Amino acid sequence: MILVDRLFVFGLIACIALSPLPLGSNRPATWSLLAAGVGGMVVLWGLVAALRPSLFRLSGVPALLPMALWLPVILWLLVQTGGPEFAWHPLWFDTQVALGLAIDGAISVSPVDTGTSAMKLLCYGGLFWIACQTGRDPDNARVLLNAVVVVAVLYALYGLVAEFAGGDTILWYKKWAYVDALTSTFVNRNSFATYCGIGIVTAAGLGLQAWRHDDGDGSALAAGRRSQTIILYAAAASVLLVALIFTHSRAGLLSTALGTGAIIWCYTSRMRQLPGTAVLAGALVAGASLLLLAAGTGTFERTIDAEGGELGGRPWLFQRTLAAIADRPLAGHGAGAFESYFQSYKNAEFGGVYAISKAHNSYLEFAADAGIPALVLLVLALSWLALACLYGVRARRQDAAYPAIGFAAATVVGLHALVDFSIQIPAVAATFAIVIGIGYAQAFPTGGGRHNRL
């Protein structure tokens, strides 16, 4: 059983370590390799679990409910690749008229892209399942979350070295975007900012766990080891914070700050030592001031220029995406096909001849792509996971740091998705799936331990 556990732990660590290579796995070859590897892991887990039912560490409603919400979304995306003629997208009929030919259509404007989106969601669901079942064991959970921190720090260090060396390369690629910001192995600074945020809240949670953990050994050697552990997590969080600041991502800074606040809130509420309103307000003001000062002129200048620059286009983009949703609120235009169908929603005010591949709001984009019912199911699934982690913070008698990390990671990712598309980058989604899977697995009490051990 130990060997089997190690096999799946190593498999998950490999996904954590390799998914950011290269370009956050946001290219067909790399996301296909990731999906193939995860698919192989899931098949192997199923075969082994058939012989060793003890691998089902989390079963019943907690295991089935996320699946019951997630799988219908994937099935709907597969339906979108074809579907009955009355549900076909109008563009297919326009194409028939233009060509004068009878061609097969689909609900989706781009069935290939929609099939790819279904594959990605299956991949992330598979990672969640393996992480959930494997991470139910607290030793496995600790190893995997430590791997998230270590790998994130390594990519942050690479990004910092590349930035100070000139900042014009992504591994062996010449940078063609965001040359003035740290992106590490990612293309978009906001994507790497979310990735750093996940690493920061994970390090913060593990650091708080080390601070609160008392194994009963009051020796100076044990106290020294605990202090060293806390210092290491603090150093890891500091490296990630510096890298995050150099991304110049405002939303990344804010969502990470709120995610870190969620970790602290979980800790204080569990200890029944909630600070007063005045203390919380003062902390928020101080934290915001420090972030603005630490972010430097790059981020501050972007804030000043927002009206005519990057953020200035988002309201228009959101408005046009809402128009796309209104045209096909139930069936959608096709998951992953945003760039294909959004061309017809552009006008001379924005976009010109350039293609727009993302809505910069993952919720609106998915509603336009897959329809409102699919978005509702997806949001319900992710909300259930986050709320279950929040429940676990109070319900667990020990190791409550793990569900707290899961809830904080959901806070970072969920908030940043309101103004960007980081969760649509495979490396971010895969890492988040593993972290939330571990947090969710550890959210349900197993008995034993002391109530206040974080």
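Leaving aside its neighbours within four places in sequence, with which residues is Y341 in contact?

## Y341 and the model

Y341 touches V109, A324, H333, G334, E365, A368 and D369, once its neighbours within four places in sequence are left aside; contact here means heavy atoms within 4.5 Å. The model is predicted, and local features need pLDDT of at least 70, side-chain atom pairs count only at pLDDT 80 or more, and totals for chains, interfaces and linings use all residues. Residues are numbered from 1 along each chain as its sequence is written, and side-chain values use heavy atoms, with hydrogens and water left out.

## Overall architecture

The protein has 16 helices and two strands, where helices (H or I, at least four residues) and strands (E, at least two) are DSSP runs numbered from the N terminus. Among contacts between residues at least 6 apart in sequence, 79% join residues at least 24 apart.

Buried residues make up 50% of the 454 residues in the protein, with buried meaning under 20% relative accessible area, exposed over 50%, and partly exposed in between (1.4 Å probe, protein chains only). The protein exposes about 20,100 Å², of which carbon and sulfur atoms supply 70%; accessible areas come from the Shrake-Rupley method with a 1.4 Å probe, and for residues only the protein chains shown count as cover.

## Nonpolar core

In soluble globular proteins, nonpolar side chains tend to be buried together. The largest nonpolar core in this model has 120 residues, and those with the most contacts inside it are L12, L127, F192, Y195, Y341, I434 and Y440. Such a core is a set of buried Ala, Val, Leu, Ile, Met, Phe, Trp, Tyr and Cys residues joined through side-chain atoms within 4.5 Å.

## Aromatic rings and charges over them

Rings of Phe, Tyr and Trp (its six-membered ring) pair if their centres lie within 6.5 Å, and planes under 30 degrees apart count as stacked, over 60 as edge-to-face and the rest as tilted. By this rule the count comes to 15 aromatic pairs. One of them is the tilted pair of F186 and F192, at 5.6 Å centre to centre and with 45° between the planes; F186 is buried at 1% relative accessibility, and F192 is buried at 0%. Y341 belongs to an aromatic cluster that it forms together with W316, F338, F342 and Y345.

Two lysines are placed over ring faces: K120 lies over W31 at 3.7 Å from the ring centre, and K358 lies over F421 at 5.7 Å from the ring centre. The criterion is that NZ of Lys or CZ of Arg is within 6 Å of the ring centre and within 35 degrees of the ring normal.

## Salt bridges

A search of the whole structure finds three salt bridges, each defined as a side-chain nitrogen of Lys or Arg within 4 Å of a carboxyl oxygen of Asp or Glu. The side chains of D5 and R57 form one, at 2.7 Å from N to O. Because D5 lies in helix 1 (residues 2-18) and R57 in the loop between helix 2 (28-51) and helix 3 (61-80), this pair ties together parts that are 52 residues apart in sequence. D5 is buried, at 9% relative accessible area, whereas R57 is partly exposed at 22%.

R314 and D420 also meet in a salt bridge, at 3.1 Å from N to O. This pair links distant parts of the chain, 106 residues apart, with R314 in helix 11 (residues 314-327) and D420 in the loop between helix 15 (401-416) and helix 16 (426-441); both R314 and D420 are buried. R142 forms a salt bridge with D139, with the closest N and O atoms 3.2 Å apart, and both residues lie in helix 6 (residues 138-164), three residues apart, about one turn of the helix.
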